[in-house]
Amino acid sequence: MAEPTDSTAKLGDAQPGSERVKMIVNEIASAAQTAAMSLVDEQKSRAADRVSAVAHALHAAARTLERSHSPVAAEYADSTARQIESFVESIRRRHWTEIAADLEELARDQPVRFIAGAMLCGFIAGRLLAAPRYTKRFDQSSSRPAEATVTAAVASASRDGLAGGPLPSQVRELP
């Protein structure tokens, strides 16, 4: 038989069986709640890490745009990356209940903005969840780092221009 916990040991044999069962159920519920909160915090951290990776990619794109003599686009990319980093740090600092309360308030005050944001988050989450499959396939076919790929793509776009770029039938993989 299992060892009694501190709270169940206090009940002893003098307490009725139903009180003992209630105490055990409360302990199980408390343990489940603690485990769920831990899981939510872990998932929050993982999501923050993935969104942070987007900011790093934007910084890399900004450096590439600067080298390709597109300072305005580079500043936009860098500014967006800084805003994303600020958002990620806010998420990491706050408890999930605070985030949920803010989302609930936003949904009440500005439902259209909330729905648009939820759709955008769903799209981004879908892309991020699908990313490992595409990354594995890309890594098998090329050992080039992501920054070099971004550099080549941006250089190609700035050289050819957006409207004057190659047609989809003319697109080829960069060496």
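Select E42 and R46 to begin: the two form a salt bridge, with 2.8 Å between the closest N and O atoms. Both sit in helix α2 (residues 17-67), and because they are four residues apart, about one helical turn separates them. Neither counts as buried or exposed: E42 is partly exposed at 37% relative accessibility, and R46 is partly exposed at 46%. The model is predicted, and six salt bridges are found in the structure.

Next, select D49 and R92. Their salt bridge also has its closest N and O atoms 2.8 Å apart.

Now move to E75 and R82. They form a salt bridge whose closest N and O atoms lie 3.2 Å apart. R82 is partly exposed, its relative accessible area being 40%, and E75 is partly exposed at 44%.

Finally, colour the protein by pLDDT. The average is 75, and 65% of the residues score at least 70. Select residues 160-175, where the pLDDT is below 50; beyond near neighbours in sequence, this stretch has eight contacts in the model.

Key
Residues numbered from 1 in each chain as written. Predicted model: local features only at pLDDT ≥ 70, side-chain atom pairs only at ≥ 80, totals over all residues. Heavy atoms only, no water. pLDDT = per-residue confidence, 0-100. Contact = heavy atoms within 4.5 Å. Salt bridge = Lys/Arg side-chain N within 4 Å of Asp/Glu carboxyl O. Helix = DSSP H or I, 4+ residues; strand = E, 2+ residues; numbered from the N terminus. Buried < 20%, exposed > 50% of the residue type's maximum accessible area, 1.4 Å probe, protein only.
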